[in-house]
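The following questions and answers concern the overall build and selected side-chain contacts of a protein model. Please read them alongside the structure shown here.

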Amino acid sequence: MSERDEIRRKELDEVIEHYRGQEGGLIPVLQKAQEIYGYLPEVVQERIARGLNVPLSDVYGVATFYSLFSLKPVGDYKIGICMGTACYVKGAADIVDRVGSELGIKVNETTADGRFTLEVTRCIGACGLAPVLTVNKDVYGRLIPDEIPGILSKYKDM
Amino acid sequence: MNPLKMIKLTINDRSVEVAEGTTILEAAAQAGINIPTLCHHPELRKEGSCRVCVVEVEGARSLVASCVHPVMEGMVVRTNTDRVRWTRKNIIELLVAAHDRDCLTCDRNNNCELQRLAQDYGVREVRFPAAVRHDPPDCSSESIIRDTNKCILCGRCIRVCKDIQGVSALGLAFRGSRTKVGPAFNRGLANVACTNCGQCVAVCPVGALKERSAIDDVWKALNDKAKHVVVQVAPAVRAALGEEFGMREGSLVTGKMVAALRRLGFDRVFDTQFAADVTIMEEGHELLHRLENGGPLPLITSCSPGWIKYCEHFYPQLLANVSSCKSPQQIFGALVKTYYAENQGLDPKSIFSVSVMPCTAKKFEAARPEMARDGVRDVDAVLTTRELARMIREAGLDLPSLPEEEFDLPMGMSTGAGAIFGVTGGVMEAALRTVVETVTGKELRHIEFEAVRGFNGVKEATVAVGDRILRAAVVHGLANAGELLGRFCRGEVSYDFIEIMACPGGCIAGGGQPRSCSKETLQMRANALYREDLGKKVRKSHENPAVQEVYQKFLGKPLSEKSHHLLHTSYEKRSDL
């Protein structure tokens, strides 16, 4: 195990230890695990199942139910394009297409350099800004497709 | 809640009085009013997810799911209005739209709860676009095949696996229209901690879960002139097979079943109960040996392959406690390919050994690599009770009208002790009959051990064996087993001998039995086996003349070197996930 793996493993074990025996502990543990690893690999879910004494089928069920959890590695920057009703009628589909063609990936894919992941989301509650796109915690609203290259370039060199 | 408080309500203008806490569905049933259900199962946690059981409640804004809705004083319920029927029909139509509808070639054709509902509600067209999955079936398991394209997401399999069996091999994953039942990460059942008990198969309302069929292999062997085909039948089969032919529940069809097997073309029709008697000789002496030589105790029975696999996954620290005896199925198989082959002057390789079992886990057990010698398998093919029924129908035989015939000798000779192996507590009772007499040298006056009978999840008894008090426990259903073993591991209880059966009720409720959901059916099947016990001339395993002969002529004595080589086995630790 690499040093980085060992640190992450230790961090995960501390989180599991903290929530062990607590009702409703699975979701916060999965959230923290995703923060630590960037996604929820099978081995991590297995470790959580054993650590919390929860069936693996339950861990997997929760991890696949909530869209905020990812079972695949995600990029350093997660682009979320809102597909709620307001964004949709304001042209979110064109935004998705433009981001996809700029980065050469489809929805739910990650660029080969591991920098960007493209996702569509349900309504994020910023309907007044429709159509809306998020990059990690940054929010961009009232978008037109031609603004996309400029937004992406901010993150390409970071 | 006061259990005596009674609630008055009206259902379809009839007044009904039921105990507080009763659901509308249960109240209606008590009043003789049938409400259709799909996700509901009387032995499982209530879920209310399919909505097929909706009814109208006066004053309620929407229809309510009667399977989960409790009755209230003065409630006015209608189960058969236009609105109710229209809604149910739409729900069924939606389920059908998402269902792989190759009914004619489905395992459950004519025995499918969705098919029956669609028929009852006159679903004659499906207006919605087909939303059928096209996932490959999971054929990884020796015992069970899972086809998600036929799954209607009722969740019965998940609930039985988690709540009754404490295994949780199956769960729900994803959400919305992508929701799917299965093991984590879509791993095959063979690659997760599945015990193969088949309780999921037993409760599935449709064709999404079924046993891996051995029918073709058995027909092939029966048609092969070079093969000497021998069959053994487990006790629980004779107590349930009749149900497949419309006979009353609890019909004991031993003689007719033997006649049917002969007509199917088996060269010898033998009885697993013979091997159950041998099991008692081996396991009983193993118990005595452990009592005299410092353990490890408790000794835990090893007849139930679902339990064995459960122990390998979840309690590997107790594997040394599990009896090293093979199960009756495998003991029988080992003796057929050695003792019987020698007696008959047959090459073991020319014998095809078939078993008929109430069990899906037996298929996995028979396929275990250690259950063979020099490439000769103890058991070559395992049929479930349901598969045998299909073969009988396929051969054009009408079971109820067949004559009663006797098993072949010598391996068809068995005692009442062997018969009760098929019901929870039976192995314990059979063992006690032999162990007590072996130790005391005196004949037992009363051979029925009532304390270990019945369907309580955990049964305990203390029995005098000579000058020693034997502490015994009997559990059935793997969640019950897990709970008891947990208490044992924490030092809260201690026993000398534990019987564990994977299925709730024992083999009579096995995953390979005719599908039935009622406790009453189980009770009648149990009664049938106790009748078989009572009807036997010999009711103690050690008094079975054919068993005595096998020891005299072949094995020597219980736990002999030959016994160890042929009739005993070992277990392996498996992953807990």
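Accessible areas come from the Shrake-Rupley method with a 1.4 Å probe, and for residues only the protein chains shown count as cover. The model is predicted, with local features needing pLDDT of at least 70, side-chain atom pairs counting only at pLDDT 80 or more, and totals for chains, interfaces and linings using all residues. Residues are numbered from 1 along each chain as its sequence is written, chains are lettered from A and ligands numbered from 1 in the order in which they are written, and side-chain values use heavy atoms, with hydrogens and water left out.

Q: What share of the accessible surface of chain B belongs to carbon and sulfur atoms?
A: The accessible surface of chain B comes to about 23,100 Å². Buried residues (under 20% relative accessible area; exposed is over 50%, partly exposed in between, with a 1.4 Å probe and protein chains only) make up 60% of its 577 residues. The share of the surface that belongs to carbon and sulfur atoms is 50%.

Q: What radius of gyration does chain B have?
A: The C-alpha trace of chain B spans about 75 × 55 × 50 Å along its principal axes. The radius of gyration is taken over C-alpha atoms, and the globule rule is 2.2 Å times the number of residues to the power 0.38. Because chain B has 577 residues, a compact globule would have a value near 25 Å; chain B agrees, at 25 Å.

Q: How many Å separate the centres of domain 1 and domain 3 of chain B?
A: Domain bounds come from an automatic or database domain assignment. Chain B is divided into domain 1 (6–80), domain 2 (129–211) and domain 3 (215–567). Taken over C-alpha atoms, the centres of domain 1 of chain B and domain 3 of chain B are separated by 42 Å.

Q: Is Thr521(B) buried or exposed?
A: Thr521(B) lies in helix H17 (residues 519–535) of chain B; helices (H or I, at least four residues) and strands (E, at least two) are DSSP runs, numbered from the N terminus. Leaving aside neighbours within four places in sequence, Thr521(B) is in contact (heavy atoms within 4.5 Å) with Glu243(B), Glu249(B) and Ser516(B). Because its relative accessibility is 1%, Thr521(B) counts as buried.

Q: Where is Ile27(A) placed in chain A?
A: Ile27(A) is partly exposed, with a relative accessible area of 33%. The place of Ile27(A) in chain A is helix H2 (residues 26–37).
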